[in-house]
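Good morning, everyone, and thank you for making time for this short talk.

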Amino acid sequence: MGVVIYGRRAYGRVHQHEGEYADTQFAHIDFVPLFPLGSFWVTQDLGNGQRMGFPIRLNGRSVLATYLRIWGPLIAMILLATTHSLGGTLAGAAVASLSIWSWTWRSRRGHLAHRRSDFDRVALGSRCDPAWMTDDMRARVGKSLENSLAKREDARPPDDVARFGAKDVQEAILAYGLLRMSSVKHRAAAASADRLLESAFEQLPQDGGPYREGIATAVPELGAAISAAARAAAVSARREKPRRWFHNRWLHLVGLIVLTTSALSVGLMNVMPARDVTAKQLGGVHPPTHGYSRVHCDRIQNDDWQVLKGDDVDERITFCWQGAHALPIVTKDDSDLAATTVEGKMRYLSNAGYSEQAWTDALHADAD
């Protein structure tokens with residue numbers, strides 16, 4: 001009696017940077033994911049399957065990555081192996097390409113994404129984007145930032161800090177955090193937060209106003225300071241893992257191109273028009289064995305000869321005659337071949353390669 005393993009398991013790791021990432025718990029049978037149960041943001045891997053983090057909203061990219069990585073290859077193979085149309089072949093190649101592409105979603109890419117991740121780590125306590133947090137957690141983090149900002153004697157609105165620069169690193173952290181929390185509902189806040197990332201400050205007014213001192217020049221290396229703090233926190237919170245050779249994104253690109261090209265080659269071979277096979281080719285040592293072939297028969301010889309192959313599967317052998325050459329035709333039903341034109345895939349049969357098939361041995365042994 002077989003053993004069935006079922007339960008829940010994490011799949012679909014995405015948005016990884018400096019040891020933090022999102023994944024999704026799936027119900028599974030024999031480790032094959034069926035449906036998502038909820039997403040989780042991991043802040044630290046403790047080893048032996050233990051980890052620290054918090055629940056987040058169901059992450060669509062993580063769910064899609066799971067299906068593409070686990071189910072994608074299977075669906076692509078089925079499409080490429082069973083379809084005989086150009087559309088089916090292209091669909092199989094597309095699924096295979098998407099499956100490989102989904103592995104590139106594991107890590108965040110780009111300067112802005114990494115810089116934003118560093119600022120999030122320092123301002124919000126994790127690298128989790130506020131848009132992925134649950135409503136309750138977003139409210140708690142936002143309230144904590146507001147309370148910290150209110151304790152400052154020289155507290156300024158976060159928008160002004162983004163426009164004119166911060167007096168110190170702590171002010172920049174609080175302003176950025178509040179803007180990031182607001183960016184979930186307000187696009188303008190997202191733009192202001194990114195301005196802080198890039199230190200794109202405006203010139204302060206020189207003829208009066210509430211901020212007459214040169215705030216923007218008070219912390220010239222603001223971004224570098226916060227990024228360094230984020231990296232230091234990441235190193236202390238996680239175990240360093242060596243970068244594996246299969247993490248190289250150029251290797252992913254080459255693999256994607258090779259697999260797509262191979263899939264298209266195999267698929268197009270199946271959808272190309274059938275080629276006519278002549279009596280001369282039938283009598284040759286190696287008749288065509290790729291793609292579909294068409295044979296015009298002088299006559300069809302129907303013999304009541306069936307052999308048992310496998311579990312209760314009857315194969316009927318009939319013969320297509322072209323002059324003195326006989327082509328054995330295998331069908332899996334009892335219907336007679338009345339037409340004199342036959343289409344199908346050809347293969348070269350030898351005693352060594354197909355000795356287990358009794359009818360093949362008989363073909364070589366019987367001169368008639």
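I will speak about the sheet, then about the aromatic rings, and then about charges over rings.

A word of care comes before that: this is a predicted model, in which local features need pLDDT of at least 70 and side-chain atom pairs count only at pLDDT 80 or more, while totals for chains, interfaces and linings use all residues. Residues are numbered from 1 along each chain as its sequence is written, and side-chain values use heavy atoms, with hydrogens and water left out.

Let me start with the sheet, which is open and is formed by 4 strands in the order E1-E2-E3-E4, with antiparallel pairing. Strands here are DSSP runs of E with at least two residues, and helices are runs of H or I with at least four, both numbered from the N terminus; two strands pair if DSSP finds at least two bridges between them. Strand E1 (6–17) and strand E4 (50–56) stand at the edges with a single partner strand each, so one side of each has no neighbour in the sheet. E1 and E2, which run antiparallel, are joined by 8 bridges, and Tyr6 has Ile29 in E2 as its bridge partner.

How many aromatic pairs does a search of the whole structure find? The search finds 5, where rings of Phe, Tyr and Trp (its six-membered ring) pair if their centres lie within 6.5 Å, and planes under 30 degrees apart count as stacked, over 60 as edge-to-face and the rest as tilted. One of them is the edge-to-face pair of Phe26 and Tyr67, with 5.5 Å centre to centre and 90 degrees between the planes. Because Phe26 lies in strand E2 (residues 20–29) and Tyr67 in helix H1 (residues 60–82), this pair ties together parts that are 41 residues apart in sequence. Phe26 is buried, at a relative accessible area of 0%, whereas Tyr67 is partly exposed at 29%; buried means under 20% relative accessible area, exposed over 50%, and partly exposed in between, with a 1.4 Å probe and protein chains only. Ring pairs also link Tyr11, Phe26 and Tyr67 into a cluster.

Finally, we come to charges over rings, which count if NZ of Lys or CZ of Arg is within 6 Å of the ring centre and within 35 degrees of the ring normal. Arg13 lies over the face of Tyr21, at 3.8 Å from the ring centre, and the charged end of Arg69 sits over the ring of Trp103, 4.7 Å from its centre.
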